[in-house]
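Biologist: Hi! I'm new to this one, could you put it on the screen and walk me through it?
Modeller: Happy to, here we go.

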Amino acid sequence: MSSRIRTVSTIGIMGFGAFGRLMARHLQPHFALRVCDPTSAPATDTSGKGLQPATPAEVASCDLVILAVPVPAIPEAIAALRPHLKAGAIVLDVGSVKIGPARAMEAALPDDVEIIGTHPLFGPQSARNGLAGLKIALCPIRGRSTPRIAAFLRHVLKLKVIVTTADAHDREVAMVQGLTHLIAKILVRMEPLPRTMTTASFDLLMQATEMVRYDAPNVFMAIERANPHAKAVRDRFFALAEEMRLFLEHGHGEAAQKTPALPHKVAEVVQA
């Protein structure tokens with residue numbers, strides 16, 4: 001690999017949706033930003049070190065390039081950037097899944113480019129009061145820049161950094177995000193829901209639902225369809241839900257005979 005870029009002074013961002021704008025707001029005080037998004041072009045901003053609309057070539061010429069596009073759009077973004085990336089540049093994505101994007105970046109980006117998969121475990125809603133204390137996962141793919149990127153995220157942006165692998169990330173997120181978004185989608189379909197006579201636990205459930213309610217549809221699809229571990233989690237969840245339905249419909253007396261595969265906690269209730 002060519003010599004590394006030792007000081008990152010410019011950051012290019014491909015994509016300026018809700019999350020791209022969130023990143024720009026927190027990175028702008030520290031770096032000169034170049035942003036490309038044909039459908040949502042940013043205006044030039046002279047505050048801080050400045051934010052400028054840019055072409056793919058101008059974004060690719062930066063020291064660090066962030067792919068802030070939906071997961072299915074990553075190959076197209078890579079194709080636009082690839083001819084213009086400089087040796088030693090760092091490319092990272094911010095997708096909700098990591099195995100697919102990691103493979104796409106490793107296969108298509110030049111060998112002299114460093115690659116880090118990242119997943120900020122928050123969104124515009126959960127970051128509305130700032131980034132301090134929120135979590136971000138880093139998955140080193142190629143190169144040695146992960147420690148210094150992690151140091152900036154920890155000490156400057158005050159994020160909690162988790163260094164992991166793409167597979168370990170997707171296994172955990174299949175449950176953490178997969179179940180959260182799945183339950184939220186179902187609850188939204190059940191509206192109108194009570195808003196007055198509620199319990200503290202129900203209010204927390206509603207709060208979690210509101211945090212993901214307005215996520216772009218492609219985020220939900222990436223979490224549920226692009227993560228190779230998500231289907232197993234969904235299948236298990238729906239199987240356990242079906243067992244619980246049968247238990248509730250058949251009652252204490254018949255449940256043990258008609259639903260022998262009841263989860264152990266339900267079985268304890270049956271025997272009580």
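Biologist: Let's start with H1. What covers its buried residues?
Modeller: The cover includes strands E1 (10-14), E2 (32-36), E3 (51-53), E4 (64-67) and E6 (114-120), along with helix H5. Keep in mind that this is a predicted model.

Biologist: And which residues of H1 are buried?
Modeller: Phe 19, Gly 20, Leu 22, Met 23, Ala 24 and Leu 27 are buried there.

Biologist: I also see Arg 21. Where is Arg 21 placed?
Modeller: Arg 21 sits in H1 too, which covers residues 18-27. With a relative accessibility of 40%, Arg 21 counts as partly exposed.

Biologist: What is Arg 21 in contact with, leaving aside neighbours within four places in sequence?
Modeller: Phe 16 and Ser 40. There is also a spacing you can check on screen: Arg 21 and Pro 42 are 21 residues apart in sequence, and their C-alpha atoms are 8.8 Å apart in space.

Biologist: Which loop holds Arg 128?
Modeller: Arg 128 is in the loop between E6 and strand E7 (135-142). Arg 128 is exposed, with a relative accessible area of 55%.

Biologist: Let me zoom out. How many helices and strands are in the chain?
Modeller: The chain has ten helices and eight strands. It has 272 residues, and buried ones make up 44% of them.

Biologist: What about the contacts between residues at least 6 apart in sequence?
Modeller: Of those, 61% join residues at least 24 apart.

Biologist: And what does the accessible surface come to?
Modeller: About 14600 Å², with 59% of that belonging to carbon and sulfur atoms.

Biologist: What is the mean pLDDT of the chain?
Modeller: The mean is 90, and 89% of the residues reach 70 or more. Residues 266-272 stay under 50, and the model has ten contacts beyond four places in sequence for them.

Biologist: Back to pairs of elements. At what angle do H6 and H7 pack?
Modeller: H6 (residues 166-189) and H7 (residues 200-213) pack at about 95°, with their axes 9 Å apart. The two helices are therefore roughly perpendicular to each other.

Biologist: Which residues make that contact?
Modeller: From H6 come His 181, Ala 184, Leu 187 and Val 188, and from H7 come Leu 205, Met 206, Thr 209, Val 212 and Arg 213. By type, the residues of this contact are six nonpolar, two polar and one charged.

Biologist: What lies in the loop between those two helices?
Modeller: Pro 192 is one of the residues in that loop. The peptide bond from Glu 191 to Pro 192 is cis, with omega near 10°.

Biologist: Next, Glu 224. Buried or exposed?
Modeller: Glu 224, in helix H8 (residues 217-226), is buried, with a relative accessible area of 5%. Beyond neighbours within four places in sequence, Glu 224 is in contact with Gly 178, Leu 182, Ala 230 and Arg 234.

Biologist: Now Lys 158. What is its phi?
Modeller: Lys 158 has a positive phi of about 65°, although it is not a glycine. Lys 158 is found in the loop between helix H5 (146-155) and strand E8 (160-163), and counts as partly exposed at 48% relative accessibility.

Biologist: Last one, Ile 162 in E8. What is in contact with Ile 162, apart from neighbours within four places in sequence?
Modeller: Leu 121, Lys 135, Ile 136, Ala 137 and Leu 138. Ile 162 counts as partly exposed at 37% relative accessibility. Ile 162 and His 119 are 43 residues apart in sequence, with 9.7 Å between their C-alpha atoms.

Biologist: Great, thanks for the tour!

Key
Residues numbered from 1 in each chain as written. Predicted model: local features only at pLDDT ≥ 70, side-chain atom pairs only at ≥ 80, totals over all residues. Heavy atoms only, no water. Axes fitted to C-alpha atoms, helices over the stretch in contact; angles between N-to-C directions. Helix = DSSP H or I, 4+ residues; strand = E, 2+ residues; numbered from the N terminus. Parallel < 35°, antiparallel > 145°, perpendicular 65-115°, else oblique. Contact = heavy atoms within 4.5 Å. Nonpolar A, V, L, I, M, F, W, Y, C, P; charged D, E, K, R; others polar. Buried < 20%, exposed > 50% of the residue type's maximum accessible area, 1.4 Å probe, protein only. Areas by Shrake-Rupley, 256 points an atom, 1.4 Å probe, with all protein chains shown as cover. pLDDT = per-residue confidence, 0-100.
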